[in-house]
Amino acid sequence: MDVVYMDNNATTAVAPEVKDEMLPFMTEYYGNPSSMHTFGGQVGRKIVEARERVAQLINADPSEVIFTSCGTESDNTAIRAALASNPDKKHIITTRVEHPAIKNLCENLEKKHYHVTWVPVDKKGNLDCDYLYDHLTDDTALVSVMWANNETGVVFPIAEISRHARERGIVFHTDAVQAAGKVSVDVKAAEVDMLSMSGHKIHALKGVGVLYIRKGTKFSPFMIGGHQEQGRRGGTENVASIIGLGKAAQMAKAHLGAGMEQVKSLRDRLEQGLLKSIPNTILNGDKQNRLPNTLNLSFEYVEGEAILLMMDKYSICASSGSACTSGSLEPSHVLRAMGVPFTAAHGSIRFSLSVYNTEKEVDFVIEKLPPIIAKLRQMSPFWKEGTCRAQ
Amino acid sequence: MWEYTDKVKEHFINPKNVGELPDANGIGEVGSMACGDALKLYIKVDENDRIVDVKFQTFGCASAIASSSALTEMIMGKPLVEAEKITNDDIADYLGGLPKEKMHCSVLGKDALKKAIEDYRGVAAAGPEGEIVCECFGVTDKQIEEAVSENHLKTIEDVTNYIKAGGGCGNCHEKIQEIIDTFYKKPGVIVPKPRKLTNIAKIKLIEDTLDREIKPALMQDGGNIELVDIDGDVVFVKLKGTCATCSASQLTLKNYVEIKLRELVAPGLVVEEVK
């Protein structure tokens, strides 16, 4: 059976156009873009083009874009650079719902004399911005807030937060790994200092990322080596992946209007279909203020891993915030930060769509999922039809 | 993705003996929704003390459902005295093994069976014996000791994999370690007392802690540290690399190295720098 892939916040399919763009650089054009000869130089020109395409997606100047190996490297580079250029400041502000790339790094820094303020979110997953502004101090070296949350899709008011940071002269970084390509990400309008992106979330390959560094931002490299990326990130370029990412960025920009509208209408169809046919189902996140592709639902009285494996029988791919899928025993830190009760967090499923999903696939999930939930609930000692709400 | 055996998958997709048993004369309930898994086991025992019918209801992941289903197959038709002997390892073996992170699912089965038999025999349904150690999952010291003893668990991670204790906030890790240490130090009477290190163990632990925790952290900032000597509770060290010339090195020494060593080795330690 064909795979019904609705786990695009985890990773995406490589677009055929992206693959075609990359192929020559995995075969005949193997030159080093730094070389003096024409053979290498022609590769260098394609990298210039890729940089321009990425810059256009986020409305940056190409010189402000550096290529990295992944979103996590971009996040690490940004945060360490901000701290290194403000050695006297020991305070970091971030949120309680960041991706592990930021969350675990900041927890690590907490052990090394840094003080971290973790900004809470409300029940719908929206950020408590006033809490953030109240905690800006003269000791604050950096504010890092994700553009959109990977689990719920909730979008944060980046332009407003960055303005508050800027007024205090504090560096502002945003992890836009989930937002880029799904909603308009404009670094000039939002006036951010640094921004992270990842290739494989926008239909390019895994193993390539982007760090935007606004002109004039103090920076120190994480990877020290050759003069590549103007000395801001040493190491021979991951040529084919970068060229593929350029193409993917160009396509993502083209999809931002009608393409994402289409994704949103499919997502809404899935949401309505499932909420209608499965009782005791809760939407996690803010219905209005969300990425167009993300749907996070909690099916009460059943456990997420069991749902995923039952769906796997039909080759339906999604993910869960349940403890059993995480390798630890605690359910998603994002859902817990939102105050979603453990009981619902264990039964949470995230569907994340892309431009490659179809109405037929959505209807297939709407058809297959209700009996799965019903079967698991029949097995559950907590499930009593019709009386559950009272518990 | 977890690597489940075909037998686990089979029992998960087509579980046996699901549902309630209205004429059950023994019911065992363990776990809770907050924990992420729960099992309610119904047994019907005849006048010859033989299990003649069994049903289950489970809230949990694939391996919890499979373990419950396997358990019902294993005890169906068995005399109580035989069913009683089933351990969590037996359940896991019946399924062709479980990922080690999922062993707690088989423990769930064993515990539910024990409770159902107790219920049938009319033994007062007491709560778990002992004092709660893991607040997150409500696990007591007795339960941890039992799991350590039955399954030869050696580390906190093992304990978490089997009975979840320590898998939440992590505040109880020290206590779990104590229970493990105490268990392997007997036989004889267990006198719970704060762990006192012998000299050789202390030196070893200081070395390990420096290598594992402290050096990597300092090296990230271009520094390093070397152990010179240990005299009683005084640890003499030499700072190297950027640390040797850093104006904040005393701060690093007292606020980081000393605190880390006190936390991980012994509370009375003092760190002194040797130039």
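**A tour of helices, rings and charges**

Select helix α6 (residues 141-151) and helix α7 (residues 156-163) of chain B: their axes come within 10 Å and cross at roughly 100 degrees. Axes are lines fitted to C-alpha atoms, for helices over the stretch in contact, with angles from 0 to 180 degrees between N-to-C directions. α6(B) and α7(B) are therefore roughly perpendicular (65 to 115 degrees). Helices are DSSP runs (H or I, at least four residues), and strands likewise (E, at least two), numbered from the N terminus.

This is a predicted model: local features need pLDDT of at least 70, side-chain atom pairs count only at pLDDT 80 or more, and totals for chains, interfaces and linings use all residues. Residues are numbered from 1 along each chain as its sequence is written, chains are lettered from A and ligands numbered from 1 in the order written, and side-chain values use heavy atoms, without hydrogens and water.

Next, show the side chains between the helices. Gln143(B), Ile144(B), Ala147(B), Val148(B) and Asn151(B) of α6(B) meet Val159(B), Tyr162(B) and Ile163(B) of α7(B) (heavy atoms within 4.5 Å).

Now select Phe382(A) and Phe59(B). Their ring centres lie 5.7 Å apart with planes at 70 degrees, so the pair is edge-to-face (centres within 6.5 Å, planes over 60 degrees apart). The pair crosses between chains, from the segment after α13 of chain A to strand β3 (residues 51-59) of chain B. Both Phe382(A) and Phe59(B) are buried (under 20% relative accessible area, 1.4 Å probe, protein chains only).

Finish with two charges over rings (NZ of Lys or CZ of Arg within 6 Å of the ring centre and within 35 degrees of the ring normal). Arg377(A) sits over Trp383(A), its charged end 4.5 Å from the ring centre. In chain B, the charged end of Lys7(B) is over the ring of Tyr94(B), 4.3 Å from its centre.

Terms used
Phe/Tyr/Trp six-rings, centres within 6.5 Å; stacked < 30°, edge-to-face > 60°. Buried < 20%, exposed > 50% of the residue type's maximum accessible area, 1.4 Å probe, protein only. Parallel < 35°, antiparallel > 145°, perpendicular 65-115°, else oblique.
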